[in-house]
Amino acid sequence: SGPLVFAWHSVPGALSYEVELVEAGGTLVQMARVSDTTWAPPPSVHLVPGTEYRWWVRATLADGTTLEAPPRRLVLSP
C-alpha cells in the first residue's frame, strides 16, 4: 500500500544515477537517470504482483567512470 520507491546509498563523487528495472527474463520495464538516491516509477509503469523483477543502480562519477550495484530481486505481494 502506497507508492513504490526505490532507495540506495549515495556514492561519493557521483554526478548521477541510472536505475534499471527489468522483468526476471530480462525485458526492460523502465530506466531512469536521477541525481538523487531515490526513484519512484511513473504511474504508467504497472508492476504485476507475484511477478519477479530485478533492479539495480549505476552511478556515474565526475571522471566518466561508472560503478554498478549488483541486481536486487523484487516481487510484489498479491
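Residues are classed by relative accessible area as buried (under 20%), exposed (over 50%) or partly exposed in between, with a 1.4 Å probe and protein chains only. By this scale Glu68 is partly exposed, with a relative accessible area of 47%. The structure is a predicted model, in which local features need pLDDT of at least 70 and side-chain atom pairs count only at pLDDT 80 or more, whereas totals for chains, interfaces and linings use all residues. Residues are numbered from 1 along each chain as its sequence is written, and side-chain values use heavy atoms, with hydrogens and water left out.

The protein chain has seven strands and zero helices. Both kinds of element are DSSP runs numbered from the N terminus, helices (H or I) having at least four residues and strands (E) at least two. The pattern along the sequence is accordingly written β-β-β-β-β-β-β. The C-alpha trace spans about 40 × 25 × 20 Å along its principal axes. Of the 78 residues of the protein chain, 31% count as buried. The accessible surface comes to about 5,100 Å², and 55% of this surface belongs to carbon and sulfur atoms; such areas come from the Shrake-Rupley method with a 1.4 Å probe, and for residues only the protein chains shown count as cover. A contact is defined by heavy atoms within 4.5 Å. Among contacts between residues at least 6 apart in sequence, 53% join residues at least 24 apart.

The largest nonpolar core has 15 residues, and those with the most contacts inside this core are Phe6, Trp8, Val19, Leu21, Trp39, Trp55 and Leu74. Such a core is a set of buried Ala, Val, Leu, Ile, Met, Phe, Trp, Tyr and Cys residues joined through side-chain atoms within 4.5 Å. Two or more residues each are given to the core by strand E2 (14–23), strand E3 (28–34) and strand E5 (52–61). Strand E5 provides the largest share, four residues.

Aromatic residues were also examined as ring pairs. Rings of Phe, Tyr and Trp (its six-membered ring) pair if their centres lie within 6.5 Å; planes under 30 degrees apart count as stacked, over 60 as edge-to-face and the rest as tilted. Leaving out residues up to four places away in sequence, Trp8 touches Tyr17, Val19, Val34, Asp36, Thr37, Thr38, Trp39, Trp55 and Val57. A single aromatic cluster is formed by Phe6, Trp39 and Trp55.

Six salt bridges are present, a salt bridge being a side-chain nitrogen of Lys or Arg within 4 Å of a carboxyl oxygen of Asp or Glu. The side chains of Glu20 and Arg58 form one of them, at 3.3 Å from N to O. Glu20 lies in strand E2 and Arg58 in strand E5, so this bridge ties together parts that are 38 residues apart in sequence. Both Glu20 and Arg58 are buried, with a relative accessible area of 19% for Arg58. Arg58 also meets Glu68 in a salt bridge of 2.9 Å, N to O. Here the parts tied together are 10 residues apart in sequence, because Glu68 lies in strand E6 (residues 66–68) and Arg58 in strand E5. A network of salt bridges links Glu18, Glu20, Arg33, Arg58 and Glu68.

Another salt bridge joins the side chains of Glu52 and Arg73 at 3.5 Å, N to O. This pair links distant parts of the chain, with Glu52 in strand E5 and Arg73 in strand E7 (residues 72–75), 21 residues apart. Glu52 is partly exposed, at a relative accessible area of 26%, whereas Arg73 is exposed, at 55%.

Ser16 is placed in strand E2 and counts as buried because its relative accessibility is 13%. Its side chain makes a polar contact of 3.1 Å with that of Arg33. A polar contact is a pair of N or O atoms within 3.5 Å; within protein, one must be able to donate a hydrogen and the other to accept it, and residues adjacent in sequence count only if both atoms are side-chain atoms. Beyond four places in sequence, Ser16 touches Arg33, Val34, Ser35, Arg58, Ala59 and Thr60. Ala32 is placed in strand E3 and is buried, with a relative accessible area of 15%. Not counting residues up to four places away in sequence, Ala32 touches Tyr17, Glu18, Val19 and Trp39. The C-alpha atoms of Ala32 and Pro78, 46 residues apart along the chain, are separated by 26 Å.
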